[in-house]
Amino acid sequence: MSVPETTPTLDTTGLVAAPGLIGSGQDGGVRDQVTAYIQRVRSGEMGALPAIAGFVVLCVLFSVLSPYFLTERNFANLLTQAATLVMLAMALVFVILLGEIDLSAGVTSGVAMSLFVVLSNPGGINMNWLLALLISLAAGLAIGLFIGFFVARVGIPSFVVTLGLFLGFQGLQLIIIGDGGLYRIQQPQILAIQNSNLPTWGGWVMLGVILAVSLVTALLDRRRRARAGVSSRTIALLWIRLALIAAIGGFVIAQLNQNRGTGFLAISGVPIVVPITLFILWAGTFVLDRTKFGRYIYSVGGNPEAARRAGIKVIGIKWAAFAVCSTLAVVSGVFSASKVGSVDAAFGRDIVLSGVAAAVVGGVSLFGGRGRLIHGAVGALVIAVITNGLGLLNLPGGVNFLVTGGVLILAATVDAVSRVRAGGSLSRR
Amino acid sequence: MDAPIIELTEVKKSFGPVSVLKGVSLKVYPGKITALVGDNGAGKSTLIKGLAGVQPYDEGHVTFEGELVGLHNPREASHLGIEVVYQDLALCDNLDIVQNMFLGREETLHGTFDEGTMEREASETLRSLSVRTVGSVRQKVSSLSGGQRQTVAIARSVLKSAKVVILDEPTAALGVAQTEQVLALVKRLAERGVGVLMISHNLADVFEVADYISVLYLGQMVASVEASKTTRDDVVGYITGSKTYTEATA
């Protein structure tokens with residue numbers, strides 16, 4: 001396959017200047033862009049493609065195997081089950097992009113949510129729920145800074161630091177929760193996140209906002225590029241993308257707007273957790289793609305020495321990434337507490353490895369530098385579908401772990417093979 | 001002849017009891033290529049680290065465009081327009097060419113990247129260096145060959161109108177064709193009026209592009225000659241210490 005933009009020819013003299021020689025990868029029509037994309041995928045930049053394929057295959061498989069899988073009720077259930085993992089995976093992406101890991105993200109959310117229930121418990125301190133929530137988020141931030149200090153400043157491998165905290169925080173959580181063992185979540189605002197829904201029109205407004213934001217950002221980008229005098233991708237791609245968002249979003253919202261109540265009470269609408277998660281996804285992606293902080297995370301993950309020589313404060317970037325990760329981990333804890341309805345001493349203990357697995361399944365490289373937030377989210381959906389689907393099949397619990405583990409290794413293999421292919425094409429030149 | 005853009009006078013550097021630079025003088029001229037040669041351990045790396053501000057010299061003077069300068073840290077050096085292209089290329093594989101060329105000095109507009117401007121400037125810089133081996137400036141660096149990477153690293157150094165570019169073994173580990181490309185690029189760099197200091201072990205490369213050759217031997221500058229007025233054998237002699245340079249300085 002011949003693609004002029006992506007296959008450079010080796011010139012032996014290099015002395016003859018040709019006019020307008022360097023492409024930007026933005027030229028050509030839809031067909032050229034599609035071939036260029038296929039070329040990138042073939043050379044190993046698969047992104048979330050395997051995960052999306054896996055998601056579709058699993059959905060088809062489970063809908064064949066179980067009559068309950070494709071019901072409106074299960075669909076909403078799947079989203080709320082997945083929300084915690086999606087959020088945690090997105091949190092972890094920030095540190096995995098650096099080539100680091102945070103094994104304590106789960107127990108960090110546990111410590112912060114223990115703090116929340118103890119502070120806000122009506123029978124105890126009875127603090128305002130919003131204030132308690134802010135304190136919990138601040139605790140997450142502080143924990144992130146604490147980890148960052150040891151990893152970035154002292155230079156201990158993050159695996160060791162966070163493994164230590166994983167053990168230590170379980171104890172801290174036990175101390176905070178005390179002998180009570182378990183606190184019920186009693187704040188309606190927290191419970192609403194996972195258990196209440198937007199009104200049916202709210203879902204359509206949400207889709208409208210998503211489409212409008214996508215359109216406006218894309219058009220502003222094009223205007224900016226035009227002002228700088230460089231070409232943009234053909235506008236047809238934008239329409240295709242918007243049409244895809246509208247179609248998928250429309251399908252999902254239409255499903256969620258069906259009545260899924262079992263009794264007399266009608267339940268319908270998009271769960272409130274969905275717009276919250278989408279907003280954090282959007283904001284985080286914005287930071288990673290368009291700001292110096294985000295770019296520097298990628299550069300430190302790709303080549304810390306190059307980043308240092310380029311004048312980037314590597315220590316500060318690492319520090320900040322751990323702070324972001326732990327804070328977002330607390331948000332995932334809020335989602336989990338809202339879903340489960342209680343917080344106990346083991347809260348958040350078992351989820352962190354699933355979060356790491358989700359990021360890897362989604363296409364985030366554990367070696368750093370490669371991956372996006374959406375990859376973490378898609379990977380989490382894959383793992384959530386496995387849990388949900390196998391649960392519907394009434395298989396023994398052990399099967400779930402076996403399948404999830406198998407999918408993780410499969411995903412890592414796909415990543416490794418695609419790297420070899422990318423490396424192969426490099427050595428062929 | 002023009003005045004030198006950088007002149008080192010009697011710079012010294014020692015690490016504990018080991019004296020690595022024992023009073024070295026060196027001139028780099030704008031628009032000319034000065035090759036710095038010498039055997040392993042002669043002090044070449046220490047010399048350029050001083051110029052880059054990474055390891056300041058202990059003693060001696062450095063003048064830049066006739067003015068005495070300190071060079072205490074990398075920022076000072078890059079502020080003056082001294083850029084170093086290191087041997088183990090300081091590029092991020094996971095970023096594209098534009099992102100690498102602008103790393104650490106991105107153009108922003110309202111706090112977010114001005115990708116269009118960066119893309120245009122990157123293309124213009126590559127074009128001005130007559131680089132034609134790069135297909136797209138949005139290619140990931142991981143997909144580039146060694147020569148192309150070196151090209152990007154050099155282009156990165158001239159992006160912000162560097163006055164002096166120091167190249168640490170730019171052709172090491174490159175194939176024949178790629179070496180030719182990079183040497184052609186080094187020549188074009190000098191044609192733009194940039195003062196080039198090139199470290200190399202490869203005397204064929206040195207004689208192909210250099211205007212001046214400076215030879216370090218055990219921390220001392222044993223010869224500084226015009227490339228056209230010396231021979232390969234002489235230079236080998238200076239490098240190994242078997243020959244002493246006696247003529248008037250170039």
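Guide: Let's start with a pair in chain A: helix 14 and helix 15 of chain A are roughly perpendicular to each other. This is a predicted model, in which local features need pLDDT of at least 70, side-chain atom pairs count only at pLDDT 80 or more, and totals for chains, interfaces and linings use all residues. Residues are numbered from 1 along each chain as its sequence is written, while chains are lettered from A and ligands numbered from 1 in the order in which they are written.

Visitor: At what angle do helix 14 and helix 15 of chain A pack?

Guide: Axes are lines fitted to C-alpha atoms, for helices over the stretch in contact, and angles run from 0 to 180 degrees between N-to-C directions. Under 35 degrees counts as roughly parallel, over 145 as roughly antiparallel, 65 to 115 as roughly perpendicular and the rest as oblique. Here helix 14 (residues 352-362) and helix 15 (residues 373-392) of chain A pack at about 110 degrees, with axes 7 Å apart. Their crossing is right-handed; that is, the near helix is turned clockwise from the far one by less than a right angle. Helices (H or I, at least four residues) and strands (E, at least two) are DSSP runs, numbered from the N terminus.

Visitor: Which residues of helix 14 of chain A meet helix 15 of chain A?

Guide: Two residues are in contact if their C-beta atoms, placed from the backbone, lie within 7 Å. On the helix 14 side of chain A, the residues include A:Ser354, A:Ala357 and A:Val361, and helix 15 of chain A contributes, among them, A:His375, A:Val378 and A:Ile383. The residues of this contact of helix 14 with helix 15 of chain A divide into nine nonpolar, five polar and no charged. For these classes, Ala, Val, Leu, Ile, Met, Phe, Trp, Tyr, Cys and Pro count as nonpolar, Asp, Glu, Lys and Arg as charged, and the others, Gly among them, as polar.

Visitor: How far apart are the axes of helix 5 and helix 6 of chain A?

Guide: The axes of helix 5 (residues 129-154) and helix 6 (residues 158-177) of chain A are 9 Å apart, and the helices pack at about 150 degrees. That makes helix 5 of chain A roughly antiparallel to helix 6 of chain A. A:Ile147, A:Phe150 and A:Val151 in helix 5 of chain A meet A:Ser158, A:Val161, A:Thr162 and A:Leu165 in helix 6 of chain A. By class, this contact of helix 5 with helix 6 of chain A has five nonpolar, two polar and no charged residues.

Visitor: Now for sheets. In what order do the six strands of the open sheet in chain B lie?

Guide: Strands of a sheet pair through backbone hydrogen bonds, either parallel or antiparallel. Two strands pair if DSSP finds at least two bridges between them. In chain B, the open sheet of six strands has the order 6-9-10-3-11-12, with mixed pairing. Strand 6 (82-85) and strand 12 (220-226) of chain B stand at the edges with a single partner strand each, so one side of each is left without a neighbour in the sheet. The twist averages 20 degrees from one strand to the next. Strand 3 (residues 33-38) and strand 11 (residues 212-217) of chain B pair in the parallel sense over five bridges, and B:Tyr212 in strand 11 of chain B is the bridge partner of B:Thr34. Helix 5 (residues 146-158) of chain B lies across strand 6 and strand 9 (164-168) of chain B, at about 170 degrees to strand 6 of chain B.

Visitor: What is the order of the open sheet of four strands in chain B?

Guide: The order is 2-1-4-5 in chain B, with antiparallel pairing. Its edge strands are strand 2 (18-28) and strand 5 (67-69) of chain B, each pairing on one side only. Eight bridges join strand 1 (residues 6-15) of chain B to strand 2 of chain B. B:Ile6 stands opposite B:Val28 in strand 2 of chain B, and B:Glu7 opposite B:Lys27. The two strands, strand 1 and strand 2 of chain B, form a hairpin with two residues between them, and B:Gly16 in the turn has a positive phi of about 60 degrees.

Visitor: What mean pLDDT does chain A have?

Guide: pLDDT is the predictor's confidence in each residue, from 0 to 100. Where pLDDT is low, the predicted coordinates should not be read in detail. The mean for chain A is 86, and 90% of its residues reach 70 or more. Over residues 1-21 of chain A, pLDDT stays under 50, as it does over residues 424-429 of chain A. For chain B, the mean pLDDT is 85, and 98% of its residues reach 70 or more. The predictor gives the complex an ipTM of 0.83 and a pTM of 0.87.
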